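Subject: Handing over a structure

Dear colleague,

I am passing this structure on to you, and below it you will find what I noted while going through it. Please have it open as you read.

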Amino acid sequence: MSIVEYDNQAFLCDEGKTVLDVLLENGQDIPYSCKMGVCVACVMRVIEGQVSADSQAGLRETLVAQGHFLPCVCQPGADLKVARIDEQDLFSPAVVLDIDYLPPDVCRIYLQPATPLYYRAGQFVNLRREDGLVRSYSLASVPSQDQRLEFHVKKFDRGQMSSWIVDDLKPGHHMSVQGPFGNCYYRPGRAEQNMLLIGTGTGLAPLIGIARDALASGHRGQIWLYHGSRLVDGLYGDDPLRVMEQSHGNFHYVACVSGGTDRHGFRSGRADDLAFDDRTDLQDWRIFLCGYAKMVYGAKTRAGDAGANSTNIYSDPYELKDLRRQPRS
Ligand SMILES: Cc1cc2nc3c(=O)[nH]c(=O)nc-3n(C[C@H](O)[C@H](O)[C@H](O)COP(=O)(O)OP(=O)(O)OC[C@H]3O[C@@H](n4cnc5c(N)ncnc54)[C@H](O)[C@@H]3O)c2cc1C
Ligand code: FES
């Protein structure tokens, strides 16, 4: 048992509990979303004591040096004193410039941050609504080519942020941006290395950025992008990706449809199944996996089984905030 001190109060922390669990159980208003160390929405600062290394994994060195950590994956081994972060340090204002609606349930939003955001194509940021609601969204834009930040948002039934973005957000509205985060981005070098990109739904957003960035950086290896959707109208990137395929001999786009009856002109099946059926030897390939969390975790294992080195596998599972009475299994 240890003690977590926060806001001049001390809370007992049983073994196996995280700092976030303890603070939430004691009625503290701490923002969070994935509770898995992925989205960074919960980030705090340690004032006294030692936090676990995995609660700082993936944070920028400057943030780690300032004591930032993720309380949702931090089980304290000894007493800790922690604090919220001054939000001005992390969030910067941005204005919505434009929105494209891609029926039935996806929209592309374009934001202009008040101060430049230094990011890599494929990373994600946290977007905050004026009332404080925060969710993570991946960048589809490429910093060297695009002036605006581009995001693809899929509307979830009863989803607080995504429904609001698709139904109510308008050009001229303001949001705040925190980040960038994540290590799912193209690294220049090894230009001959083949790349396999697999995404479902709006998992396409970071993959488009990564592919465009690689091509603009002169990548010469083959780049295979598999995009999966249950229905044909979910393949919202089809037209631009086919144009991109025609312009670059080493870029290949595979559109996959797993449900419905209309699959004419598309590969039939799940994107991950088709990708791993097509390529059984992934030794020395670079792999990028984004979207539906269950697909991403499964595909990571399958990529390893096909010979990919774990240091060559980059992923962003789109973990959802669990709002159900029974947690998702
Ligand atoms: C690293 C990362 C990157 C991401 N990138 C993207 C991206 O580029 N594009 C994108 O579209 N998404 C992305 N996501 C997902 C995104 O962050 C949000 O989780 C998503 O938009 C849903 O948020 P929401 O507020 O609309 O839904 P929430 O309100 O958080 O609801 C989450 C889920 O719970 C369900 N739900 C809501 N209320 C209840 C209830 N009372 N009982 C049972 N179930 C309920 C909803 O239907 C939904 O399925 C990313 C996530 C992560 C972690
Ligand atoms: S990283 Fe802690 S809630 Fe997502």
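Which of the 25 residues around ligand 1 come nearest? Bearing in mind that this is a predicted model, the ones that come nearest are Arg135, Ser136, Tyr137, Asp157 and Ser162.

Some of the contacts can be given with distances. The side chain of serine 162 has an N or O atom 2.6 Å from an oxygen atom of ligand 1, while methionine 161 places a backbone N or O atom 2.8 Å from an oxygen atom of the ligand. For threonine 202, an N or O atom of the side chain is 3.1 Å from an oxygen atom of ligand 1. Taken alone, ligand 1 exposes 970 Å², and 89% of that is buried by the protein.

As to where the shell comes from, the elements that give it two or more residues are β9 (134–138), β10 (149–154), α4 (160–167) and β17 (313–318), and β9 gives the most, with 4 residues. Domain 2 (90–181) and domain 3 (195–318) each supply at least three residues to the shell around ligand 1. By class, that shell is made up of 10 nonpolar, 7 polar and 8 charged residues.

One further residue may be worth a look. Aspartate 14 sits in the loop between β2 (9–13) and α1 (19–25), and it counts as partly exposed because its relative accessible area is 40%, a value that falls between the 20% and 50% cut-offs. The C-alpha atom of aspartate 14 is 9.2 Å from that of glutamine 75, although the two residues are 61 residues apart along the chain.

With best wishes

Conventions:
Residues are numbered from 1 along each chain as its sequence is written. Chains are lettered from A and ligands numbered from 1 in the order in which they are written. This is a predicted model: local features need pLDDT of at least 70, side-chain atom pairs count only at pLDDT 80 or more; totals for chains, interfaces and linings use all residues. Side-chain values use heavy atoms; hydrogens and water are left out. A residue is near a molecule or strand if one of its heavy atoms lies within 4 Å of it. A polar contact is a pair of N or O atoms within 3.5 Å; within protein, one must be able to donate a hydrogen and the other to accept it, and residues adjacent in sequence count only if both atoms are side-chain atoms. Accessible areas come from the Shrake-Rupley method with a 1.4 Å probe; for residues, only the protein chains shown count as cover. Ala, Val, Leu, Ile, Met, Phe, Trp, Tyr, Cys and Pro count as nonpolar, Asp, Glu, Lys and Arg as charged, and the others, Gly among them, as polar. Domain bounds come from an automatic or database domain assignment. Buried means under 20% relative accessible area, exposed over 50%, partly exposed in between (1.4 Å probe, protein chains only).
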